[in-house]
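Hi there,

Here is the structure I promised to pass on to you. Have a look at it first, and then read on below.

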Amino acid sequence: MWRRLPAVLLLALFGCPIVLGLLGTLLPALGATPNLAPGNGFAMVLQDSRFVGATLLSLKTGLGATLLVLLFTIIALVSLHNSRLWVWLSATLPPLLAVPHAAIAVGLVFLIAPSGALVRLLSPAITGWTRPPDMWLIPDVYGLSLILGLVIKETPFLLLTAAAQLPQLNVDASLKIGRTLGYSPARCWSRLILPQLYPRIRLTLLIIMAFNLTVVDMALLLGPSNPPTLSVFLMSLVNDPGSRAAASAGAVLLAVLVAVCFAVVVILERLVSTVARVRARSGARGRGSSLFRVFGKLLALLSVSLSIAALFVLLIWSVTQRWRFPDAYPSAWAFDRWFSGNSSLIDPAISTLTIASAAALLAMVAAVTWLELERRGCAPKIDGIWFIPLLVPQVSLLFGWQAMAYWVGADGHWLTVVYTHWLYTMPYVILILAVAWRELDPAWSHAAHALGAGYWRVLFIIRLPLLIKPLSQAFAIAIAVSVAQYLPTLLLGGGRHQTLAIELVTSFGGVDRRTIAALAVLQSVLPLIAFVLALLYPRWCSARLARKNALASRQWIRS
Amino acid sequence: MHPLHVNGLTLQLPGGQFLVRELTFRIEPGEVLVLMGPSGSGKSSILAWLTGTADPRICASGDVWLGDTCITSLPTEKRRLGLMLQQDYLFPHMSVGDNLLFGLRGGTRTERLAKVCDSLSNAGLEGMQGRDPSTLSGGQRARVSLARTLLSDPCALLLDEPFSRLDTAMREQIRRFTWDSAARLPVLLVTHDTFDAPEGATILDIGQSDAVGPVVRAEMKDAR
């Protein structure tokens, strides 16, 4: 019993907020907390004329983006695998993945808006425009810009998840066998690789779908406002004390909507798998098309170029003094924004960094503790539970957490914000560390124990140094996840913690482009620095060890 | 059936080292050519080049013919060369029957199912079409893998150490099954073990040369 106590405590720390959060959303929705949320929430939200439009828009953008993410991932895998472009993409995508959604969204706006960098590059020489055109708008009423933003941000996530699974599927051998049996490469992928790959990326796809259906920051920046997406609409309700019950009821309905979408995906999977099995039995070989490969390469290049261009435009705007339309580039530069100790940048950066560091550190300690407990048989192997916060819509959990925080008087507290960030960083840290932890040969520990080392000595001197690479990567990803958190900081921070994500989204409508760009660049740079350090630290450790060993061996020879 | 004819094959590594130089051979239907040599001498690279799946960094010249058709520039799937590797690579998400149906070319549904049943029966695996490949023994898997290759109606068979992972007792049985099944095809076998070669096969020994790395000695002799 006592052996399992730490695992039970850790699970309680993680699971209780989820249960309490869901209860905290459900009870006001059912009218069980009249002081906090008076009225019949479900009736109020269903009677609101914006509800249906917002729901339909969420479905359209969320499902459309998810479908495109899956499609682009498959096309990229089939057309690029084993090519030189694939090697380049594998190196380019992880840093792009670290860039927060809000920063990419702002970059996209600055790139493709009517007064954006693309139009400026083409004007007036090609377009003839001397003023920004008013023929289209960002955000557009159809939610296309939101879909674009979600697709270019989420495709690398799914693609890298899929790429990580390929070595276990004997892809090269399957392709070789399939092709010598007469099948075209695309058919080999569709009949041999994808049916094995899909179950391994299903969870990631569902996480992406839940995110796309419920995202708030990107929808505020790129989505339409009348009607907005459902989660943005609910955010507008939750800020109005009289509509709290309606917001909670809407959050419950959003969670139900996401669950229904998951169910539809499962049903579709069954259908597609049945059809695929019948087709695989037909023996139809298919014809290989080099056009498909070219299309896939173009698509991947376009998607990555768009992300890089968006970030580049942000960088340009952050050092711009004057950039009149339709000039192709700024006519005056201002670097002092970065070097003058600007408090509108430094304060949110410090706030972001302290919260992210604390949350990442907590996540690392918790994940290492859990995995060690699991290794010693004191905790069960239950990976699925850590992903619950990523599968439940943020608004559905956070409205409840906010209500609970009010109730216990913890709202706005720094530790509350850190705790919330920890809940969202923990799944990623566990995801990365679990594989490495379980694969580490236990013989290392056995050998050390046989030499007389105790548990803690083996952990700190043998196991952790051997796992320094995944530990560094997990820490960097935890920092990136925390830096990108908008809604948890907004709802639990009570306006007292102005992180970069909060500043960026709230200042988007009013403050000038240069400051917004600087905020977005800073928000992108922090995770990138964490990634660079995660790459360099293990190398530095190895180099230091090599130097130390060389010194020791010289001293030994002399003696 | 047509003979498999390789003409003037030269394989060169990116560093300029020759793996194979001016290799020419011809395998008639029903004949087996055994390619032997030490590890790294280029045996598997020759098979990869024949199937069109060679590492693109390897510089290759020469051509390969099936009868009167030059297949050198055809994509892998059009060459009609059956391939069996060390591992059987039965697709784990398909049943034994589905693996065979995947290999089989053309025919109506009923014909296809009948052919699969016949093929399983020939391999001594009657009634196993619904089995999960992971529940089969190594020998059973090897037979299914060969049956799948043969059902794709290849014009020649390329075998890359297909018996090396089997235990001694199973080896002889699978060798016999293979040579009986592929009796009408030109067969190229890569192996380290001369006992893998059937009676009357020809051995092509790939030796070492200090100056240019492993090169083909093109020395033909009767097996055993």
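What follows is a short tour of what turned up in it.

Please keep in mind that this is a predicted model.

Let me start in chain B with strand β8, residues 187-190. B:Val187 and B:Leu189 point one way from this strand, while B:Leu188 and B:Val190 point the other way. In a regular strand, side chains alternate between the two faces of the sheet.

Which strands pair with β8(B)? One of them is β3(B), residues 32-36, which runs parallel to β8(B) and is joined to it by four bridges. Here B:Val32 has B:Val187 as its bridge partner. Strand β7(B), residues 156-160, is also parallel to β8(B) and also joined to it by four bridges, with B:Leu158 standing opposite B:Leu188. To get from β7(B) to β8(B), the chain passes through helix α5(B), residues 168-181, in a right-handed β-α-β crossover.

**Salt bridges around that helix, and elsewhere**

Helix α5(B) comes up again when you look at charged side chains. B:Arg171 forms a salt bridge with B:Asp193, at 3.0 Å from N to O. B:Arg171 sits in α5(B) and B:Asp193 in the loop between β8 and β9 of chain B, so this pair ties together parts 22 residues apart in sequence. B:Arg171 is buried, at 18% relative accessible area, whereas B:Asp193 is partly exposed, at 21%. The two belong to a network of salt bridges that also takes in B:Glu172, B:Arg175 and B:Asp196.

Another pair in chain B is B:Asp88 and B:Arg141, whose side chains meet in a salt bridge of 2.9 Å, N to O. This one links distant parts of the chain: B:Asp88 is in the loop between β6 and α2, B:Arg141 is in helix α4, and 53 residues separate them. B:Asp88 is buried, with a relative accessible area of 18%.

In chain A, A:Arg514 and A:Asp512 form a salt bridge at 2.8 Å, N to O. Both ends are partly exposed: A:Arg514 has 24% relative accessibility and A:Asp512 has 30%. Over all chains, the count comes to 17 salt bridges.

**Where the two chains meet**

How much area do chain B and chain A bury between them? It is about 2200 Å², of which 61% is on carbon and sulfur atoms. On the chain B side, B:Glu77, B:His93 and B:Phe102 lose the most area to chain A, together 30% of what that side buries. Each chain brings 24 residues to the contact.

Two salt bridges are counted between the chains. B:Asp98 forms a salt bridge with A:Arg281, with the closest N and O atoms 2.6 Å apart. There are also eight residue pairs in polar contact across the interface. On the side of chain B that touches chain A, β6, α2 and α4 each supply at least two residues, and the largest share, four residues, comes from α2(B).

**One last residue**

In chain A, take a look at A:Glu374, found in helix α15(A), residues 343-375. A:Glu374 is buried, at 13% relative accessible area. Setting aside its neighbours within four places in sequence, A:Glu374 is in contact with A:Ala379, A:Pro380, A:Lys381 and A:Arg438.

Notes
Residues numbered from 1 in each chain as written. Chains lettered and ligands numbered in written order. Predicted model: local features only at pLDDT ≥ 70, side-chain atom pairs only at ≥ 80, totals over all residues. Heavy atoms only, no water. Buried < 20%, exposed > 50% of the residue type's maximum accessible area, 1.4 Å probe, protein only. Pairing = 2+ DSSP bridges. Right-handed = clockwise from strand over helix to strand, strands pointing away. Contact = heavy atoms within 4.5 Å. Buried area = accessible area lost by both parts, 1.4 Å probe. Salt bridge = Lys/Arg side-chain N within 4 Å of Asp/Glu carboxyl O. Polar contact = N/O pair within 3.5 Å; in protein donor to acceptor, adjacent residues only side chain to side chain.
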